[in-house]
Amino acid sequence: MTKIGNSLKNLYLSEIKTDIVNISDYPKDIIREKDILTLPKPVQRYFRYCGYIGKVKMVNAKTEWKDIDFKTAQNKKWMRLGCLQYNSVSEPTRIVYLQNKILGIFPFEARDKYQDGKGNMLIKLLNLFTIADAKGVEMDKSGLVTVLSEISIIPTYALQDYIKWETVDNNNAKATLTYNDITVGGTFNFSDKGEMNSFYTENRYFAEKDGTYKNIPWSIVIDNYVEKDGMKFPSRLKVMWHLKDGDFEYFKGKISNIEYNVME
């Protein structure tokens with residue numbers, strides 16, 4: 001284990017600040033009907049149902065989570081986490097800060113990100129010791145496909161040139177995201193009225209106990225839509241791996257607030 005002195009929350013905040021500076025002059029146009037006409041019908045329905053037409057395009061988002069439960073393994077107990085998240089769209093970017101106190105005493109922090117074409121999971125204990133610093137092509141792919149899955153959080157991802165769409169049927173659409181010479185993809189499911197229900201991919205990597213990675217099907221389920229400023233967004237989400245011996249649900253939480261076009 002390697003000693004490092006700074007809190008991961010400070011790192012998280014500095015990485016966000018750097019990204020905001022880079023996008024401060026990004027144009028903020030209105031989402032119009034013409035912007036969604038080339039998207040698959042269920043995706044168009046989603047934009048209309050959620051009230052995004054006529055709203056300012058989201059260049060970034062800060063998401064506040066509450067009541068997050070997390071498991072490190074199938075046979076482990078749920079642990080409660082605090083979570084803050086940032087996404088931006090000019091380049092696919094996702095930065096997440098997680099924290100907890102083990103046994104109610106020992107500070108535990110994690111910063112999970114995809115930024116500048118690279119994925120990284122950094123975990124520290126007691127604000128001093130690095131117990132994980134995962135990098136590499138598997139993290140790059142996993143981080144990129146996680147960005148894709150979060151169209152439910154920041155819908156203007158769906159309008160970016162780096163994402164290509166394909167219609168499956170009236171309730172499903174495939175999306176492919178290519179960035180930094182890596183391509184990932186997955187399928188979104190939508191209700192008849194326009195809610196995004198889930199996302200499924202086979203392009204994410206599961207970390208084995210021996211430190212190797214295995215390509216395992218992965219999905220998120222989203223529901224409980226709420227309305228703010230004339231727009232709907234899902235307030236509840238759960239995430240799972242689809243292992244050979246059954247589904248492993250390892251994350252579940254509620255979104256308490258999303259703030260778009262944050263410039264500080």
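Biologist: What should I know about the model before reading it?

Modeller: It is predicted: local features need pLDDT of at least 70, side-chain atom pairs count only at pLDDT 80 or more, and totals for chains, interfaces and linings use all residues. Residues are numbered from 1 along each chain as its sequence is written, and side-chain values use heavy atoms, with hydrogens and water left out.

Biologist: How many helices and strands are there?

Modeller: Helices (H or I, at least four residues) and strands (E, at least two) are DSSP runs, numbered from the N terminus. The protein has four helices and 16 strands.

Biologist: What does the radius of gyration say about the fold?

Modeller: The radius is taken over C-alpha atoms, and the globule rule is 2.2 Å times the number of residues to the power 0.38. For 264 residues, a compact globule would come out near 18 Å; the protein has 18 Å, so the two agree. The C-alpha trace spans about 55 × 45 × 35 Å along its principal axes.

Biologist: What share of the residues is buried?

Modeller: Buried means under 20% relative accessible area, exposed over 50%, and partly exposed in between (1.4 Å probe, protein chains only). Here 48% of the 264 residues are buried.

Biologist: Which helix residues are buried in α3?

Modeller: Start with the general idea. An α-helix has 3.6 residues a turn, so residues three or four places apart point the same way. Now the case. Helix α3 covers residues 41-49 and is mostly covered, with seven of its nine residues buried. They are P42, V43, Q44, R45, Y46, F47 and Y49. Just after α3, G51 takes a positive phi of about 80°.

Biologist: How do I read strand pairing, and what joins β8 to β9?

Modeller: Two strands pair if DSSP finds at least two bridges between them. Strands β8 (residues 163-169) and β9 (residues 172-179) run antiparallel, joined by six bridges. E166 stands opposite K174 in β9. A hairpin through two residues joins β8 to β9.

Biologist: Which strand does β9 pair with over eight bridges?

Modeller: That is β10 (residues 182-190), in the antiparallel sense. A175 stands opposite G186 in β10. Again there is a hairpin, with two residues between the strands.

Biologist: What is the phi of N180 in that turn?

Modeller: The general idea comes before the case. Most residues other than glycine have a negative phi, and most peptide bonds are trans. N180 has a positive phi of about 55°. D181 also lies in the loop between β9 and β10. Its phi is positive too, about 65°, although D181 is not a glycine.

Biologist: Is D181 buried or exposed?

Modeller: D181 counts as exposed, because its relative accessibility is 82%.

Biologist: Where is D229?

Modeller: D229 is in the loop between β14 (218-228) and β15 (231-243). Its phi is near 55°, a positive value in a residue other than glycine. At 62% relative accessibility, D229 counts as exposed.

Biologist: Which strands pair with β16?

Modeller: Strand β2 (residues 60-70) and strand β16 (residues 246-260) run antiparallel, with eight bridges. W65 has I255 as its bridge partner in β16. Strand β15 also runs antiparallel to β16, again over eight bridges. There, R236 stands opposite K254. A hairpin through two residues joins β15 to β16.
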